[in-house]
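Here are some friendly notes to read alongside the structure. They cover a few helix pairs and a pocket.

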Amino acid sequence: MTILTQACTPFEGQKPGTSGLRKKTKVFMQPGYVECFVQSIFNAIGGVQGKTLVVGGDGRYFNAEAIQTILRMASASGAERVVVGRGGLLSTPAASNLIRQRKADGGLILSASHNPGGIDADFGLKYNISNGGPAPESVTGAIFEQTQSLSSYKTLDTGDINLARMGEVMLGDTRVEIVDPVSDYAALMQALFDFDAIRALISDGFSIRFDAMHAVTGPYARTILEDMLGAPEGTVLNGVPLVDFGKGHPDPNPIWAKPLVDMVMAEDGPDFAAASDGDGDRNMILGRGVYVTPSDSLAVLAANAHLAPGYSQGLAGVARSMPTSRACDRVAEAMGIACYETPTGWKFFGNLLDAGRATLCGEESAGTGSDHVREKDGLWAVLLWLNILAVRQIGVQEILQDHWQTYGRNYYSRHDYEAIATDPAQDLMQNLSNTLAELPDKTAGSLTIETADQFTYHDPVDGSVSHNQGLRISFAGGGRAVLRLSGTGTEGATLRIYLELYEPPTGQLDMESQEALRGISAATRELCQLTERTGRTEPDVVT
């Protein structure tokens with residue numbers, strides 16, 4: 001096999017966002033595009049000579065071809081071993097687990113997470129470091145620098161290898177190990193949770209449904225829920241991964257998983273339902289007649305995690321992304337443990353987890369996880385919920401009501417305004433940012449503003465500082481709004497407005513969320529001049 005050094009010209013726009021590089025699939029399919037980004041990763045981490053890497057993805061369109069490219073490049077650059085999921089499949093949390101178990105030097109994960117898949121849809125690639133977590137800003141910054149000056153990349157002059165057959169194969173001088181993508185992850189889940197208690201709950205007639213949305217979690221859910229925990233065949237819906245996710249949108253929320261929501265809201269619906277996303281790191285939790293917001297889910301899990309064997313010693317602390325509701329803050333305060341507020345992006349939890357300061361972490365965008373890996377983990381959250389339900393022997397609705405009566409309720413919603421022209425979106429944010437200092441004590445709509453700032457994060461572990469992480473506005477009476485431009489889209493800009501209102505345990509705990517938040521929503525739209533600057537009057541997605 002011949003090592004080839006190919007001259008190349010840098011591609012514009014290969015700047016990793018909060019979850020790696022995401023573009024339209026056809027952008028990644030350009031000749032040399034994947035090669036230039038992968039070589040930039042290798043250069044930024046000091047090369048891969050003698051190193052072990054983990055490679056896998058969510059099975060979306062072009063995954064298989066891109067993985068073959070990565071394998072050839074890893075071999076040409078001297079990698080000692082590459083561990084790959086059979087068929088190129090690895091959920092993001094399973095990849096994180098493999099990196100940690102194998103003590104690998106890092107991993108390349110191919111996914112655009114919850115974004116649609118297909119030749120006309122989205123693709124993504126990110127680098128995870130040796131702790132199993134997403135590369136921190138120092139590494140992604142170095143990768144971006146390399147993308148701007150790259151002049152050549154190395155690859156092998158060889159054909160594809162068969163990723164369907166488990167075992168080891170040599171690619172040049174590199175040992176490629178093809179592994180079962182599920183087994184190591186399933187063993188980890190069995191070590192964390194009381195499978196006997198969950199199995200007994202199911203055998204007693206507690207009905208569940210899990211929608212894998214034709215994404216990577218299907219094989220994991222079938223193995224764990226149906227084979228190991230005894231749920232009836234057919235419990236896992238849409239369980240076969242497809243390159244276009246069955247032409248669906250693999251985002252586990254009430255909009256894109258509406259058939260599941262309709263099922264569980266029916267009088268004869270299952271007792272519990274859940275869904276996960278494209279790469280398996282997000283989750284949606286439902287009980288009969290009730291949807292659990294991700295923010296409430298994090299708070300409930302924090303309050304009840306000790307009921308699972310893996311967390312029986314209690315939590316060191318909890319952490320949430322800044323836009324996530326402050327529901328878990330109240331749990332942490334009652335438990336006497338720390339609660340950390342970080343920027344959006346799972347990579348910001350890594351230092352807290354590695355330092356033992358936090359055990360559970362969560363984001364409002366349906367991501368929750370713990371120190372078992374360094375990624376959010378959709379199926380883990382489902383199993384923790386099932387473990388709690390098995391121990392407490394009450395339903396999801398009853399758990400929520402008990403939680404609100406103990407800690408109060410944080411009404412919460414996210415309004416997404418998608419595919420806004422980039423310049424107007426940035427102008428809106430800049431204009432509001434320029435007026436923040438003047439806002440306290442002023443009124444907007446029917447509300448009085450108490451505080452307004454641009455969130456800056458000071459990492460308590462390494463002292464690093466991350467500026468411009470979102471605009472925060474607090475209103476008198478327990479309300480809050482957060483505004484951010486999302487870094488996970490591939491077209492235009494997505495403006496995300498997060499709305500929150502706290503009601504104490506003695507307050508109104510049974511309002512409809514959008515009605516409870518109506519005043520805060522109107523005040524926020526007025527403050528940022530939403531319609532005047534973007535022409536939008538209603539959000540595209542409400543979650």
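A word on handedness before the points: a crossing counts as left-handed if the near helix is turned anticlockwise from the far one by less than a right angle, and as right-handed if the turn is clockwise. Please also keep in mind that this is a predicted model.

1. Let us begin with H10 and helix H11 (residues 327-335), whose axes lie 8 Å apart and pack at an angle of about 15 degrees. Angles under 35 degrees count as roughly parallel, so H10 is roughly parallel to H11. The two helices, H10 and H11, cross in the right-handed sense.

2. Next, have a look at helix H6 (residues 183-192) and helix H13 (residues 378-392), which pack at an angle of about 30 degrees with their axes 11 Å apart. That angle makes H6 roughly parallel to H13. The crossing of H6 and H13 is right-handed.

3. On the H6 side of this pairing you will find Tyr185, Met189 and Leu192, and they meet Leu379, Trp380 and Leu383 in H13. The contact of H6 with H13 is made up of six nonpolar residues, with no polar and no charged ones.

4. The pair formed by helix H2 (residues 33-44) and helix H5 (residues 137-149) has axes that come within 8 Å and cross at roughly 125 degrees. H2 is therefore oblique to H5. The crossing in which H2 passes H5 is right-handed.

5. In the contact between these helices, H2 contributes Phe37, Ser40, Ile41, Asn43 and Ala44, and H5 contributes Ala142, Ile143, Gln146 and Thr147. Five nonpolar and four polar residues make up the contact of H2 with H5, and no charged residue takes part.

6. Now to the second largest pocket, which holds about 650 Å³ of space. Its lining counts 32 residues, of which Pro254, Tyr291, Thr293, Ser513 and Thr543 are the closest to the centre of the pocket. By class, the lining of the second largest pocket has 14 nonpolar, 11 polar and seven charged residues.

7. Which element gives the most to the lining of the second largest pocket? That is S19, with six residues. The elements that each supply at least two residues of this lining are helix H9 (258-265), strand S14 (290-292), helix H10 (294-304), helix H14 (396-407), strand S19 (409-420) and helix H16 (513-516).

How values were computed. Residues are numbered from 1 along each chain as its sequence is written. This is a predicted model: local features need pLDDT of at least 70, side-chain atom pairs count only at pLDDT 80 or more; totals for chains, interfaces and linings use all residues. Side-chain values use heavy atoms; hydrogens and water are left out. Axes are lines fitted to C-alpha atoms, for helices over the stretch in contact, and angles run from 0 to 180 degrees between N-to-C directions. Helices (H or I, at least four residues) and strands (E, at least two) are DSSP runs, numbered from the N terminus. Angles under 35 degrees count as roughly parallel, over 145 as roughly antiparallel, 65 to 115 as roughly perpendicular and the rest as oblique. Contact means heavy atoms within 4.5 Å. Ala, Val, Leu, Ile, Met, Phe, Trp, Tyr, Cys and Pro count as nonpolar, Asp, Glu, Lys and Arg as charged, and the others, Gly among them, as polar. On a 1 Å grid over the protein atoms alone, a cavity is a set of points where a 1.4 Å probe fits but cannot get out, and a pocket is an open set with protein on both sides within 12 Å along at least five of seven lines; lining residues have an atom within 4 Å of a point. Grid points are joined across faces, edges and corners, and a volume is the space filled by probe spheres set on the points.
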